[in-house]
Protein chains: 2
Amino acid sequence: MAEKTIPYKIYLNESEMPKFWYNVRADMTTKPAPLLNPGTHQPMKAEELSAVFCDELVQQELDNTTREYPIPQEILDFYKMYRPSPLVRAYCLEQKLGTPAKIYYKFEGNNTSGSHKLNSAIAQAYYAKKQGLKGVTTETGAGQWGTALSMACSYFGLDCKVFMVKVSYEQKPFRREVMRTYGASVTPSPSMETEVGRKILAEHPGTTGSLGCAISEAVEVAVKNPGYRYVLGSVLNQVLLHQSVIGLETKAALDKYGIVPDIIIGCAGGGSNLGGLIAPFMGQKLRGEADYRIIAVEPASCPSFTRGVYAYDFCDTGMVCPLAKMYTLGCDFIPSPNHAGGLRYHGMSPVLSQLYDDGYMEATSVTQTSVFEAAEYFARVEGILPAPESSHAIRVAIDEALKCKETGEEKTIVFGLTGTGYFDMVAYEKFHEGQMEDYIPTDEDLAKYRAMLPKVD
Amino acid sequence: MAEKTIPYKIYLNESEMPKFWYNVRADMTTKPAPLLNPGTHQPMKAEELSAVFCDELVQQELDNTTREYPIPQEILDFYKMYRPSPLVRAYCLEQKLGTPAKIYYKFEGNNTSGSHKLNSAIAQAYYAKKQGLKGVTTETGAGQWGTALSMACSYFGLDCKVFMVKVSYEQKPFRREVMRTYGASVTPSPSMETEVGRKILAEHPGTTGSLGCAISEAVEVAVKNPGYRYVLGSVLNQVLLHQSVIGLETKAALDKYGIVPDIIIGCAGGGSNLGGLIAPFMGQKLRGEADYRIIAVEPASCPSFTRGVYAYDFCDTGMVCPLAKMYTLGCDFIPSPNHAGGLRYHGMSPVLSQLYDDGYMEATSVTQTSVFEAAEYFARVEGILPAPESSHAIRVAIDEALKCKETGEEKTIVFGLTGTGYFDMVAYEKFHEGQMEDYIPTDEDLAKYRAMLPKVD
């Protein structure tokens, strides 16, 4: 094993923790396209968005110029309960792979929500509380976002109503129970509680739900109930802003030891983790101060970057949300039932979509069984049982490290380990039993949903 | 909130991590009573124990004099993957309770096994590997020990065979699946694979198993298969030795900030966590260098300290193991099905039993519903979903902090938060549904099993 001048885990001191979120849009020459009103196709105004979102979050959503946002003290205090997260040097993985590459991962799983989602959940709950709201509504797929929001709402004494994609609700009763422990109410979606839910159930009686559908229900409840707003765990600009804390900590930890990464890898569903992880590095790249290879990894079953189109689309199935310009498979696309519930969204963050379109980052897709092979390998070598979502990044990090083994290059690879897989053991079981399948949509499938995209000039 | 001169989480640097385990027996005037051969009632010799346990572990088991054991480098390297564990200042809990007490907890749950059990698992696997063994056998109740051992065996390339108490095996399929992810084989106990299992099944066809029974099966398999030994996650002296790393880190972290605890609290089943947490503090107490209130917390349903007797007893139901002198309820005592599977052992560590008998520590018992009330309260305030076992300590820490609120005393309370409750959501669900019951054995029950204790002069 190499000399351990770098510790296994780099922790920042409290005084070294970021005091600001970084808004990467401030450094983008081409800004992400604005959200559009689905009726008029005009850019959404703050007043319109305020019916759905908290006021300060609307302001953050629309702000393409402010570079740094001071993190409010209340949020800093909460962050101190579970942050800084460790930047881990994967010595054991390097040794096992026999690679000259140096591998680091930013581990966001050491909190009860089990993932990075808490970083934005606490921010969104804070602004809701500050606005004097009674509560918030949201959707959750895999359950990590719902858990995170439940914790955040419990901390600030807010009511929390979660629409959970039905298939996850049934497969993951324990996730639901964690949310209940934090006082949230959890409803399987589609439900009979909303107009849009009843409509979807009438049209597709046997449906197991989707994120897009659960979003529609959550938005409807927020809009119809005074004192409530809707919050979202990914995709939106505001979420990427909050999640920049991941990248800022990562960069501070690397800087502390004079480490400069060559490759930065993150899994990408809606883009919350990837956008947060890469934020300060992308900023350097945009400003011409440094260059990095940045790789988004998505499931082959839901390949919005690698096989989608860059176009305006609805964020939800019920088409009640604004239109966003993003890499998308079409809002009616429902991916096959793979086990990375957090990566099954039909679209991709508008910020990341623009950066990808401008050539600032790469994207690749990986199949489910190859992801679980990497997950189990990693668990045995590094001792952390990863979430299926996170394991997409592990897969590509291992592949890149093996390329270094061939070429002899001592590249420095940093990847985001977004969370733990304790609530995903059904998926691991399928993998162990050899019952896991790799679904890849056909070109015909994709063309069908692409043809259904809204027409926007 | 108070001024934060003490950070929320105190982490040691790698260079500050303990390099030695501390053997508290070296400082005990009255040593724990020796293990006895169940046939002859003579003290077990190393040769006899070596049929069951690894050689170096036998030596550690019998060594009442060596104060410090250097931790082998291979184990230090593994420790660095998940240690040091944080010593957390519970600022939020203090504020919520409105107590002048200062509360700290040593959190051992941030690793995939979910608890402190990994500290001894990796040590026992290391010595088995060093001895050139093929594999090890063990039992597990709640599943934390089995998971920890699976991880440790996977790291060293050892075969791992786990007998899991049947009721846990059925209630916790996901725990089983984590063990399988690490390559372990898991058998529900009692099983038809062993003589003792077949005998127990014949006598009690509907039994859901017990730790004592699973131990008997694991020992039998180890003894009958060349190249295998049995390992145990609690009770034994060697386990307390390894677990001293918890207390040593805790003390180093406190010393770093000049903090002196008044009260130290740990949950106690077999005693592995409590013995480890208190080790260096107890050492000071034994040497007359300092004084602390030390409190063991056990479930009211399995009250070995508070309602048991100090006597020689079998460690297992099948009576194949040596006799140990300990606080015990009798090896035939099977506690009611409470949800703290890790605290359902009929006996208590001989080291702790002697220290308790000598008046160096206190013990108290708490009911299950009061434990879950504390668990949920803690989860909401401190953001960590605790294991039911750990929540026994939380309950008493909160009670002590509330006493300080009444008296105005600014006591410093340290407790052990041994693990997370992600695999215990069935228990939380019962609590939420109001279906949780508090079983307390009657005096008649206890007298019955006490009468069955082996007669030892």
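## Surroundings of Asn237(B)

Leaving aside residues up to four places away in sequence, Asn237(B) touches Arg25(B), Glu61(B), Pro350(B) and Val351(B), where contact denotes heavy atoms within 4.5 Å. Asn237(B) belongs to helix α11 (residues 237-256) of chain B; helices (H or I, at least four residues) and strands (E, at least two) are DSSP runs, numbered from the N terminus. With 10% relative accessibility, Asn237(B) counts as buried. Burial here means under 20% relative accessible area, exposed means over 50%, and partly exposed lies in between (1.4 Å probe, protein chains only).

## Basis of the description

This is a predicted model, in which local features need pLDDT of at least 70 and side-chain atom pairs count only at pLDDT 80 or more, while totals for chains, interfaces and linings use all residues. Residues are numbered from 1 along each chain as its sequence is written, chains are lettered from A and ligands numbered from 1 in the order in which they are written, and side-chain values use heavy atoms, with hydrogens and water left out.

## Interface of chains A and B

Chain A and chain B each contribute 42 residues to the contact. Between them the two chains bury about 4,100 Å², of which 56% is on carbon and sulfur atoms; buried area is the accessible area (1.4 Å probe) that two parts lose on being put together, summed over both. On the chain A side, Phe174(A), Thr181(A) and Tyr422(A) lose the most area to chain B, together 17% of what that side buries.

Residue pairs in polar contact across the interface number 23 (both residues at pLDDT 80 or more). A polar contact is a pair of N or O atoms within 3.5 Å; within protein, one must be able to donate a hydrogen and the other to accept it, and residues adjacent in sequence count only if both atoms are side-chain atoms. The helices of chain A that each supply at least two residues to the side touching chain B are α3 (73-82), α6 (144-156), α8 (173-181), α15 (368-382) and α17 (425-432). Of the elements on this side, α8(A) gives the most, with six residues. By residue class, the chain A side comprises 21 nonpolar, eight polar and 13 charged residues. In this scheme Ala, Val, Leu, Ile, Met, Phe, Trp, Tyr, Cys and Pro are nonpolar, Asp, Glu, Lys and Arg are charged, and the others, Gly among them, are polar.

## Helix α8 of chain B

Helix α8 (residues 173-181) of chain B is largely enclosed by the rest of the structure, because seven of its nine residues are buried. The buried residues of α8(B) are Phe174(B), Arg175(B), Arg176(B), Glu177(B), Val178(B), Met179(B) and Thr181(B). After α8(B) comes Gly183(B), which has a positive phi near 85°.

## Salt bridges

The count over all chains is 58 salt bridges, each defined as a side-chain nitrogen of Lys or Arg within 4 Å of a carboxyl oxygen of Asp or Glu. Four salt bridges cross the interface of chain A and chain B. In one of them Arg176(A) pairs with Glu429(B), the closest N and O atoms being 3.3 Å apart.

Within chain B, the side chains of Glu249(B) and Arg83(B) form a salt bridge at 2.8 Å, N to O. Glu249(B) lies in helix α11 and Arg83(B) in the loop between α3 and β4 (87-89) of chain B, so this pair ties together parts that are 166 residues apart in sequence. Both Glu249(B) and Arg83(B) are buried. Salt bridges with shared partners also join Arg176(A), Glu177(A), Arg180(A), Glu429(B) and Glu433(B) into one network.

## Aromatic pairs

Over all chains there are 43 aromatic pairs. Rings of Phe, Tyr and Trp (its six-membered ring) pair if their centres lie within 6.5 Å; planes under 30 degrees apart count as stacked, over 60 as edge-to-face and the rest as tilted. Phe78(B) and Tyr155(B) make an edge-to-face pair, 4.7 Å centre to centre with 70° between the planes. This pair links distant parts of the chain, with Phe78(B) in helix α3 (residues 73-82) and Tyr155(B) in helix α6 (residues 144-156) of chain B, 77 residues apart. Phe78(B) is buried at 3% relative accessibility, whereas Tyr155(B) is partly exposed at 24%.

In chain A, one aromatic cluster is formed by Phe78(A), Tyr79(A), Tyr82(A), Tyr126(A), Tyr127(A), Tyr155(A) and Phe156(A).
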